[in-house]
Amino acid sequence: MKPKVFVTRPLPSPALELLSSGCQVRTFPKDEAIPVSQLSEECRDVEGILVNSARVNEEVLRAAPKLRAISNCGVGYDNINVEACNRRGIPITNTAGSLEETTADLAFALLLATARRAIEADRYVREGRWDRWQWGLLHGLDVHHKTLGLLGFGGIGQPMARRGRGFSMRILYFARHRVADSIERELHAQYADLETVLRESDFLSLHVPLTPETHHVIDGNTLSLMKKTAIIVNTARGPVVDEKALVEALKSRKIAGAGLDVFEGEPHINPELLGLDNVVMAPHIGSATAETRLNMAMLAVRNLLEILAGQRPRSVVNPEIYS
Ligand code: NAP
């Protein structure tokens, strides 16, 4: 008998076909986060779940006595209670390796769009306000040869550094651990403490996971260390930034701008952000290209099939359960 699995959002057809070849599949039919109570109900008899931004908390785990595999379709897994899974010995996988370059593309697009006021410029032309070349029209900030600070220097932070090097930028990074010398040399990246990165960056791009340690790591205090001309880019997770403090810093021009793909209460946006010209916003589309979304779905399916077959996939995020 094929194991029963539940999928929290409709999958692209090739991924669904692959999953169906090894499992009995039930899918939440809507392209939205399934409520916890409904997920608990759906998980009563399943051995695996393929999760896409649904919350897997203790309530869901309690309701699913047969559960032995969780495949998260995404790199960030702050939606899953890892400790509770560890207590049950349930492996969790993510889709590391499938979306980093694509997300770095979006982060760099937000950086450029904010620095060069691309959205304001587009609006200006569309609204028919452009009547002549003007010396002082829509001045932005140079990107090339500036300092790009990276908070987090893993799967997305490193491709971001590569993009920065393409613009002749100086690269500074902070993470809890230094990467290998060879990577620092290849990317011309210099390790620095957080305060130095904040003080010296012209552009600060966030690439840390959301954890208790990184929650509000950017707040009123850390923002006050940044240059008045600095731009912050967040494609990590909304709560990494204290959004109230960010709004305050943007309104009072303590920093110059922000490019945001993620928000503290998304999809609800702080109304004050909507009124600010020095912010460019996107609706959490870091990995949103057709190729990458398909790659993510295929990898998430392969991960689920491997766990259910008793194998250990490469992208297990809680390897401690195997020891
Ligand atoms: P990753 O490969 O796991 O890299 C995370 C980096 O953050 C590592 O350098 C890690 O280094 C550092 N880090 C972790 N905890 C830290 C802490 N407390 N203080 C300082 N640095 C810390 O992850 P990634 O692939 O780059 O992705 C980063 C995040 O981006 C994901 O977790 C996800 O939330 C988000 N994301 C968003 C989108 C989107 O659509 N907008 C798409 C993909 C991912 P150390 O362990 O040495 O500290």
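Predicted model: local features only at pLDDT ≥ 70, side-chain atom pairs only at ≥ 80, totals over all residues.

Author: A residue is called buried under 20% relative accessible area, exposed over 50% and partly exposed in between, with a 1.4 Å probe and protein chains only. By that scale glycine 310, with a relative accessibility of 65%, is exposed. Numbering starts from 1 along each chain as its sequence is written, and side-chain values rest on heavy atoms, leaving out hydrogens and water.

The ligand is surrounded by 27 residues (each with a heavy atom within 4 Å of the ligand). The closest are Phe153, Gly155, Arg176, His177 and Asp261. This shell divides into 10 nonpolar, 12 polar and 5 charged residues, where Asp, Glu, Lys and Arg count as charged, Gly is among the polar ones, and Ala, Val, Leu, Ile, Met, Phe, Trp, Tyr, Cys and Pro are nonpolar.

Histidine 177 places a polar side-chain atom 2.6 Å from an oxygen atom of the ligand. Glutamate 213 also uses its side chain, an N or O atom of which is 2.9 Å from a nitrogen atom of the ligand.

The context is a chain of 323 residues, 48% of which are buried. Its secondary structure amounts to 13 helices and 12 strands, which are DSSP runs of at least four residues (H or I) and at least two (E), numbered from the N terminus. Along the principal axes, the C-alpha atoms fill a box of roughly 70 × 50 × 30 Å. Among contacts (heavy atoms within 4.5 Å) with a separation of 6 or more, 57% join residues 24 or more positions apart.

Helix H7, residues 157-166, is mostly covered, with 7 of its 10 residues buried. Those buried are Gly157, Gln158, Pro159, Met160, Ala161, Arg163 and Gly164. Their cover includes helices H5 (100-115) and H8 (181-187), as well as strands E6 (147-151), E7 (170-174) and E9 (203-206). Serine 168, which follows H7, has a positive phi near 55 degrees.

Glutamate 120, in helix H6 (residues 118-126), is buried at 16% relative accessible area. Apart from neighbours within four places in sequence, glutamate 120 is in contact with Leu138 and Asp277. The loop between H6 and E6 holds histidine 145, a residue other than glycine with a positive phi near 65 degrees. Histidine 145 is exposed, at 59% relative accessibility.

Arginine 253 has a positive phi as well, near 60 degrees. This residue occupies the loop between helix H11 (243-251) and E11 and is partly exposed, at 49% relative accessibility. The loop between strand E11 (257-260) and helix H12 (271-274) contains proline 267, which a cis peptide bond with omega of about 10 degrees joins to glutamate 266.

To return to glycine 310, this residue is found in the segment after helix H13 (290-308). Its C-alpha atom is separated by 9.9 Å from that of alanine 69, 241 residues away along the chain.

Key:
Polar contact = N/O pair within 3.5 Å; in protein donor to acceptor, adjacent residues only side chain to side chain.
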